[in-house]
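Thanks for making the time, everyone.

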Amino acid sequence: DWVELVPAGPEVVGVDGRRWVNDTPQGIVATFQQRGRPMVIDWEHATEHRASQGLDAPAAGWIDRMEVRAGAIWGHVQEWTARARQQLTERAYRFLSPVFQFEKVSGRIVNITSAALTNTPNLTLAALNRAGPTVVALTDIEREVARQMGLDEAVVLQAKRDRQDHARNAARLNALLSPEQRRICEAMGVDPADFLAAKRQSTSP
């Protein structure tokens with residue numbers, strides 16, 4: 001399973017109003033790769049709250065790979081524990097919440113240390129075990145075009161996934177703009193991510 005860990009930036013806004021910056025997602029992925037070990041998914045951030053007190057903090061699953069998709073950071077769940085998989089199937093838990101390190105002054109996210117199953121996430125991420133999950137597949141016409149052009153179907157399929165991820169992230173970024181700002185972006189052909197990045201830089205001390 002692939003799960004969304006951090007939404008596309010550059011600005012990431014929590015439900016509680018806190019703000020961070022995700023403008024170097026590939027660097028975050030590189031930091032994970034350098035650790036050389038899977039990242040834990042627990043329940044309700046037990047790794048942070050319970051393990052530090054010497055209490056049990058069992059794993060719900062393990063992230064063994066990360067990648068950047070249209071600016072968002074996704075993780076591959078190597079395996080879910082039996083308990084976690086049952087809870088996801090029954091929709092007892094529907095969301096993930098990441099724990100990350102960030103620069104104090106800039107708010108730039110530099111590392112993801114863990115993630116937790118929760119029903120009260122602070123970030124807007126793709127839900128787990130969504131009703132009617134979207135399965136991305138190539139149509140017969142797309143497969144035939146790929147064959148005639150000598151393209152690898154896996155490459156074409158990944159490109160299709162990336163386009164859908166980009167469209168979803170674009171919709172999320174649009175939601176962060178006021179109606180007037182959206183009109184400006186549309187009239188000038190400006191990407192919402194670029195507009196928000198420029199806005200953040202202009203308001204930085």
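**Sheet, core and rings**

Let me begin with isoleucine 41, which stands opposite alanine 115 in E8. Before going on, please keep in mind that this is a predicted model, in which local features need pLDDT of at least 70 and side-chain atom pairs count only at pLDDT 80 or more, while totals for chains, interfaces and linings use all residues. Residues are numbered from 1 along each chain as its sequence is written, and side-chain values use heavy atoms, with hydrogens and water left out.

E4 and E8 run parallel and are joined by three bridges; strands here are DSSP runs of E with at least two residues, helices are runs of H or I with at least four, and both are numbered from the N terminus. Two strands count as paired if DSSP finds at least two bridges between them, and on that basis six strands form an open sheet of mixed pairing, in the order E1-E6-E5-E4-E8-E7. E1 and E7 are the edge strands, each pairing on one side only.

Which residues have the most contacts inside the largest nonpolar core? They are Leu5, Ile41, Met66, Ile112 and Leu117, in a core of 28 residues, where a core is a set of buried Ala, Val, Leu, Ile, Met, Phe, Trp, Tyr and Cys residues joined through side-chain atoms within 4.5 Å. E8 supplies the largest share of this core, four residues.

Turning to the rings, the structure holds three aromatic pairs, a pair being rings of Phe, Tyr or Trp (its six-membered ring) with centres within 6.5 Å, called stacked with planes under 30 degrees apart, edge-to-face over 60 and tilted for the rest. Tryptophan 20 and phenylalanine 100 make an edge-to-face pair, at 5.2 Å centre to centre and 85 degrees between the planes. This pair links distant parts of the chain, with tryptophan 20 in strand E3 and phenylalanine 100 in strand E7, 80 residues apart.

Why is the pair of tryptophan 20 and phenylalanine 102 edge-to-face? Their ring centres are 6.4 Å apart and their planes stand at 70 degrees, so the pair falls in that class. Tryptophan 20 is buried, at a relative accessible area of 7%, whereas phenylalanine 102 is partly exposed at 43%; buried means under 20%, exposed over 50% and partly exposed in between, with a 1.4 Å probe and protein chains only. Trp20, Phe100 and Phe102 form one aromatic cluster.
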